[in-house]
Amino acid sequence: MTSLVPVVLCGGSGTRFWPLSTDANPKQFLRLWQGKSLFQITIARLSGRGAAPALIICNKVHEAEIRRQLAEIGAGEATILLEPERRDSAAAIAVAAAWVARRHGADVPIGIFPSDQLIGDEAAFRHALDLAAILAREGRLVTFGITPDRPATEFGYVERAAPIAAHPGAFEVASFHEKPEAAVAAGYIASGRFDWNSGMFVFTAAGFLAQAEIHMKAILDAARLATTRAVEIGGAWHLDAEAFGQAEKKSIDYALFEHASGVATVPVACGWSDVGNWRSAQVELPKDAAGNVVIGDAKAKETAGSIIVTDGLPVRVLGVEGLAVVVSAAGVLVTRLEDAARLKEIV
Ligand SMILES: Nc1nc2c(ncn2[C@@H]2O[C@H](COP(=O)(O)OP(=O)(O)O[C@H]3O[C@H](CO)[C@@H](O)[C@H](O)[C@@H]3O)[C@@H](O)[C@H]2O)c(=O)[nH]1
């Protein structure tokens, strides 16, 4: 692993994988992936090869689950920073930069990684990280571009400008647009100049703080104070609630990346997926011969291209196609997979 400090953001809420995910047990902690969670897979991906232990930033309500999952994969040396409440990703990332600046130095590259993504080609991922760390040491904020395959409205878009001559594989960023309307997204794709923003970022604290001072100063000040006043209890660090509560709730994309200068992008084909809903889970998980994902006490007959999950009750599915059927103590979901992305309309 590249010499960067890996920061894992663990603040997702519980709607996308309802009824298995709930606010108490969001997507990143579900053990859907051969018994492992996306959080555990993310930590394992960032470990080894001399990497610094991860810095995990999460809500205090998830402390016990985080510790349990870290212990299971032998990653107990990670540092845990606990948020008293959810203030979105700009505040969480500002905390990361403030923490790393004090503990590791302002010129050490920091990698920001969502805890709920899959990466199929880890060699390509590491190669891109190495390049990003070099760019970060030059003061740049680095994004990773994913080639879009549809005009998605749930992602940010990064517009590539000129290649950076000294660093083949990297480009200047002309513009950054978070979650455009469908028609705008279609135009971006037709132009051939836009990639999806992966949600992973690399920069040094110095590079980040210089831009954050300009574009998100109030959030930065609140996050810095909350970090300076953090207290350690039982091996985890609690951010100061009063200071952190002053940070405006804003995502890093709207707060910073849409406005920042000196941003570079590294397009990377690494089998990236943000596993955003049951449909993408059906695509990513191992399937039987009929293309069904079956997890728990479930059986499917004369059924194809579906995902059937239960965490308790026996589930039997007969003669359907392209469905998600998910049963848990919290509820029952039945939807066509093509509609799975619309779950938040009813949950
Ligand atoms: N610790 C912490 N983490 C948070 C918080 N809010 C969000 N996060 C973390 O920040 C990451 C992104 O947050 P999301 O809310 O899931 O963002 P998104 O809508 O999916 O959009 C982002 O990711 C897309 C790729 O999946 C990008 O395309 C888009 O531009 C943006 O960066 C996730 O890992 C999430 O856990 C918070 O309050 N606290």
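Mentor: Happy to! Strand β14 (residues 293–295) runs parallel to β16, and three bridges link the two. Strands here are DSSP runs of E with at least two residues, numbered from the N terminus, and two strands pair if DSSP finds at least two bridges between them. Within this pairing, Ile295 stands opposite Val309 in β16.

Please keep in mind that this is a predicted model, where local features need pLDDT of at least 70, side-chain atom pairs count only at pLDDT 80 or more, and totals for chains, interfaces and linings use all residues. Residues are numbered from 1 along each chain as its sequence is written, and side-chain values use heavy atoms, with hydrogens and water left out.

β16 also pairs with strand β18 (residues 323–328), again in the parallel sense, this time over four bridges. There, Thr310 has Val327 of β18 opposite it.

Now look at the two faces of β16 itself, which spans residues 307–310. In a regular strand, side chains alternate between the two faces of the sheet. On one side of β16 are Ile307 and Val309, on the other Ile308 and Thr310, and all of these are buried, so both faces are covered (buried means under 20% relative accessible area, with a 1.4 Å probe and protein chains only).

Terms used:
Buried means under 20% relative accessible area, exposed over 50%, partly exposed in between (1.4 Å probe, protein chains only).
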